[in-house]
Amino acid sequence: DLGLENSFMFNVDAASDIVHSRKDGLDINSSKFLSDEDKESIKKLIAKKNPDMTSNGIDEELNKLMQACSDYSVSHGCGAYSILALRNAKSNDKETKESFFGHTLLNSLGTEKWYEIMDRQLKKNGGGPLTTDDMSKVLDYYGYSYENLGHYTSESFSKDDKSGNYQKILEHLKQNKPVVLMVGRKDEGLDRGYSRTTFSSNEQDTSKELGKKANVDDTWAKSFHYILLAGADDNNKVTIIDSRSFDYENYKNIRYSDYSKLISYIASNTESTDRYSKYAGCILID
């Protein structure tokens, strides 16, 4: 049954709507993006870092950083969108992507951190997604209770591992509580049978987008990718809000997976282990 979203109080439509627009970037001229106070705090930081820069130069640099923020939301926004999707799924007061990547990130992470992320995007077109430490600051800003799982290996999520991570996440999801975690791609050939089951029946053509790179299993990630797990039913089927873009008109960014299969893709944040990424993490939200 792919109607799991109706079995618990989590607005998957609100969550999927906001991540579906990721590919379009941000309207940086929106009044919801950055307030006048936000812009002044960024300009003061620009002036501090560039003492010889003119007022016009500072304004130009601010505009470049604002555009970089839009670019960042498209190229590295999976962690941020997972938190924004969570927020909109749990609140009647929906937040725009402009407000989130601008005002909310600036005021939760701090001006210095926001500048660091966008400046890196501007100069290097890189930098990776938000870390779970960054996400935790945003959750604090919203006032949510959560547990950041800290350091772990992908192997610690095997069913019989003494850490208990496998059962801990599953029980959390069965209580209709969401989880944000990073997944990675697998080395073996793509299991198209499994990949197709992660989409609803009218979206299964989307799976043709998977495995294009030498038929490697990128069911959940081309490299590494944050997803939002919305909950699990009695059969351990998980509903997932996935901000990954596919070239498919009707794709709603809602996917499904057997829990044991999904958790076998989890990335590790411990070096020299399977599917390691320095950005990997897992957060359990109440």
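The legends below describe close-up views of one predicted model.

Residues are numbered from 1 along each chain as its sequence is written, and side-chain values use heavy atoms, with hydrogens and water left out. Because the model is predicted, local features need pLDDT of at least 70 and side-chain atom pairs count only at pLDDT 80 or more, while totals for chains, interfaces and linings use all residues.

**View 1. The largest nonpolar core contains 54 residues.** A nonpolar core is a set of buried Ala, Val, Leu, Ile, Met, Phe, Trp, Tyr and Cys residues joined through side-chain atoms within 4.5 Å, where buried means under 20% relative accessible area, exposed means over 50%, and partly exposed lies in between (1.4 Å probe, protein chains only). The members that touch the most other members are Phe10, Phe100, Phe101, Trp114 and Ile241. Helix α4 (residues 78–90) gives the largest share of this core, eight residues; helices (H or I, at least four residues) and strands (E, at least two) are DSSP runs, numbered from the N terminus. A second, separate core has 25 residues, among them Leu173, Val179, Ile227 and Leu262. In soluble globular proteins, nonpolar side chains tend to be buried together.

**View 2. Helix α5 (residues 97–109) has a kink centred on histidine 103.** The kink is about 30°, the bend at a residue being the angle between axes fitted to the seven residues ending there and the seven starting there. Eleven of the 13 residues of α5 are buried, so this helix is largely enclosed by the rest of the structure. What covers these buried residues includes α1 (12–20), α2 (36–49), α3 (55–75), α4, α6 (111–124) and α7 (132–142). One of the buried residues is Phe101, and, leaving aside its neighbours within four places in sequence, phenylalanine 101 is in contact (heavy atoms within 4.5 Å) with residues including Leu26, Phe33, Cys69, Tyr72 and Trp114. Just after α5, glycine 110 takes a positive phi of about 100°.

**View 3. Six strands form an open sheet in the order β1-β6-β2-β3-β4-β5.** The pairing is antiparallel, and two strands are said to pair if DSSP finds at least two bridges between them. The edge strands, each of which pairs on one side only, are β1 (146–148) and β5 (254–258). From one strand to the next, the twist averages 30°, with axes taken as lines fitted to C-alpha atoms, for helices over the stretch in contact, and angles running from 0 to 180 degrees between N-to-C directions. Helix α4 packs on the sheet, where it touches β2 (179–184), β3 (224–232), β4 and β6 (282–285), and its direction makes about 20° with that of β3.

**View 4. Strand β2 is mostly covered, with six of its six residues buried.** Val179, Leu181 and Val183 point one way from β2, whereas Val180, Met182 and Gly184 point the other way. Six bridges pair β2 with β3 in the antiparallel sense, and three bridges join β2 to β6, also antiparallel. Leucine 181 has isoleucine 227 as its bridge partner in β3, and cysteine 282 as its bridge partner in β6.

**View 5. Strands β4 (residues 237–241) and β5 pair over five bridges.** This pairing is antiparallel, and it places lysine 237 opposite aspartate 258 in β5, while threonine 239 has tyrosine 256 as its bridge partner in β5. Strand β5 is mostly covered, since four of its five residues are buried.

View 6. Cysteine 78 is buried, with a relative accessible area of 6%, and cysteine 282 is buried with a value of 0%.

**View 7. Asparagine 176 and serine 272 each have a positive phi although neither is a glycine.** Most residues other than glycine have a negative phi. Asparagine 176, with a phi of about 65°, lies in the loop between α8 (165–174) and β2 and is partly exposed, with a relative accessible area of 33%. Serine 272, with a phi of about 60°, is found in the loop between α10 (259–263) and β6 and is exposed, with a relative accessible area of 77%.
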